[in-house]
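Hi everyone, thanks for coming.

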Amino acid sequence: YQGINCIPVSGLVGVMFNVVFHTFEWRSLKLMLLAALPLSMREKFFSEARSRQKIRRADALVILVVTLVTLFTDLATAVAVGMVLACFM
């Protein structure tokens with residue numbers, strides 16, 4: 001595509017950042033934090049309904065590993081690593 005070569009890379013980065021910012025599930029960060037905390041701390045700092053709302057620690061670990069592998073390699077490798085890791089948990 002000839003038209004893509006005319007667009008500066010910095011403009012494409014801005015578009016990608018905007019897409020990521022608006023499509024990211026920001027509530028998932030809180031769920032991952034709740035998964036990492038022990039039950040006593042969750043009950044101390046959060047309401048009872050919020051302290052029971054969490055994801056499994058194994059799932060939070062898979063999400064974290066896939067995110068880190070994506071940052072250092074590429075998405076295809078990260079998905080493969082995440083699938084293998086999830087199979088063993």
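**Helix 5 and its surroundings**

Okay, let's begin where helix 2 passes helix 5 in a left-handed crossing. By left-handed I mean that the near helix is turned anticlockwise from the far one by less than a right angle, and clockwise would be right-handed. Helices here are DSSP runs of H or I with at least four residues, numbered from the N terminus. The contact, meaning heavy atoms within 4.5 Å, involves Met-32, Ala-35 and Ala-36 from helix 2, and Arg-57, Ala-60, Ile-63 and Leu-64 from helix 5.

Before I go on, this is a predicted model, where local features need pLDDT of at least 70, side-chain atom pairs count only at pLDDT 80 or more, and totals for chains, interfaces and linings use all residues. Residues are numbered from 1 along each chain as its sequence is written, and side-chain values use heavy atoms, with hydrogens and water left out.

Back to our pair: helix 2 and helix 5 pack at about 125°, with axes 9 Å apart. Those axes are lines fitted to C-alpha atoms over the stretch in contact, and angles run from 0 to 180 degrees between N-to-C directions. So helix 2 and helix 5 are oblique to each other; under 35 degrees would be roughly parallel, over 145 roughly antiparallel, 65 to 115 roughly perpendicular, and the rest is oblique.

What about helix 5 and helix 6, at what angle do they pack? It's about 155°, with axes 8 Å apart, so they are roughly antiparallel. Their crossing is right-handed. On the helix 5 side, the contact includes Val-62, Val-65 and Val-66, and on the helix 6 side, Leu-75, Val-81 and Leu-85 are among the residues.

Now the pockets. On a 1 Å grid over the protein atoms alone, a pocket is an open set of points where a 1.4 Å probe fits, with protein on both sides within 12 Å along at least five of seven lines; lining residues have an atom within 4 Å of a point. Volume is the space filled by probe spheres set on the points, which are joined across faces, edges and corners.

The largest pocket holds about 340 Å³, and helix 5 gives the largest share of its lining, five residues. Trp-26, Ile-63 and Leu-75 are among the lining residues.

The second largest pocket comes in at about 170 Å³. Which helix gives the most to its lining? That's helix 2, with four residues. Met-32, Ile-63 and Leu-64 are among the residues that line this second largest pocket.

Key: Helices (H or I, at least four residues) and strands (E, at least two) are DSSP runs, numbered from the N terminus.
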